[in-house]
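Please look over the model shown here, with attention to its pocket, its surface and its charged pairs.

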Amino acid sequence: MRAWMGRTPWWAVALVLVYVIVMAFVGAASHIADLARSGLYPYGWAPDWLNLYWSSLAVFDSLAALLLISGRQSGVDLTRVIMATDLMANWYAAYGIQHSDFAAQPGLQRLTAFTVLVFMTGPFVRSRLSARLVCTRPGKAAPERGR
């Protein structure tokens with residue numbers, strides 16, 4: 001883990017850490033808590049497919065966080081896919097099912113802000129990470145990345 005951090009600009013490392021904190025400690029943790037508390041269908045007001053999607057995020061948020069921590073570009077890719085689909089699902093739930101509005105949904109506001117952050121910074125962060133996992137032995141320099 002430290003190998004990629006040592007050769008990555010500080011701002012990219014900081015953004016990866018923000019992504020990981022949100023994906024693992026906010027996203028995955030809340031979906032795991034929902035699963036533990038209510039099973040695969042924690043939201044009685046939502047259709048089954050939406051409940052299953054949100055429940056699956058316990059796995060996908062965790063996987064994205066693990067890929068990000070390992071310095072993989074695929075972590076940024078998965079994070080972007082998760083955020084885009086989760087935002088669409090939450091907007092659908094708020095407007096299509098609950099007939100609510102953006103101002104009345106602070107969770108949707110935070111999700112939208114984080115999604116915008118990921119989509120605006122993701123390409124820059126991704127370009128600084130490795131396409132594959134590079135393992136190095138202690139005392140041995142990591143190979144240079146090709147562009």
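How do the residues of the lining of the largest pocket divide into nonpolar, polar and charged?

## The largest pocket

In this predicted model, the lining of the largest pocket divides into 12 nonpolar, 7 polar and 4 charged residues. The space in this pocket comes to about 630 Å³, and of the 23 residues that line it, Asp86, Asn90, Gly107, Leu108 and Leu111 are the closest to its centre.

Two or more lining residues come from each of the elements α2 (10-38), α3 (48-69), α4 (73-97) and α5 (106-126), and α2 gives the most, with 7 residues.

## A nonpolar surface patch

Leu17, Ile21, Phe25 and Val26 make a nonpolar surface patch of about 400 Å². Of these residues, Leu17 lies in helix α2 and is partly exposed, its relative accessible area being 36%.

## Salt bridges

The structure holds 2 salt bridges. In one of them, the side chains of Asp34 and Arg37 meet at 2.4 Å, N to O; both residues lie in helix α2, 3 residues apart, which is about one turn of the helix. Asp34 counts as buried, at 9% relative accessibility, whereas Arg37 is exposed, with a relative accessible area of 59%.

A salt bridge also joins the side chains of Arg126 and Asp77, at 2.6 Å, N to O. Because Arg126 lies in helix α5 and Asp77 in helix α4, this pair ties together parts that are 49 residues apart in sequence. Arg126 is partly exposed, with a relative accessible area of 29%, and Asp77 is likewise partly exposed, with a relative accessible area of 30%.

Key: Residues numbered from 1 in each chain as written. Predicted model: local features only at pLDDT ≥ 70, side-chain atom pairs only at ≥ 80, totals over all residues. Heavy atoms only, no water. 1 Å grid on protein atoms, 1.4 Å probe; cavity = no way out; pocket = protein on both sides within 12 Å on 5 of 7 lines; lining within 4 Å. Points joined across faces, edges and corners; volume = space filled by probe spheres on them. Helix = DSSP H or I, 4+ residues; strand = E, 2+ residues; numbered from the N terminus. Nonpolar A, V, L, I, M, F, W, Y, C, P; charged D, E, K, R; others polar. Patch = residues over 30% accessible without salt bridge, like charges linked within 9 Å, V, L, I, M, F, W, Y side chains within 5 Å. Areas by Shrake-Rupley, 256 points an atom, 1.4 Å probe, with all protein chains shown as cover. Salt bridge = Lys/Arg side-chain N within 4 Å of Asp/Glu carboxyl O. Buried < 20%, exposed > 50% of the residue type's maximum accessible area, 1.4 Å probe, protein only.
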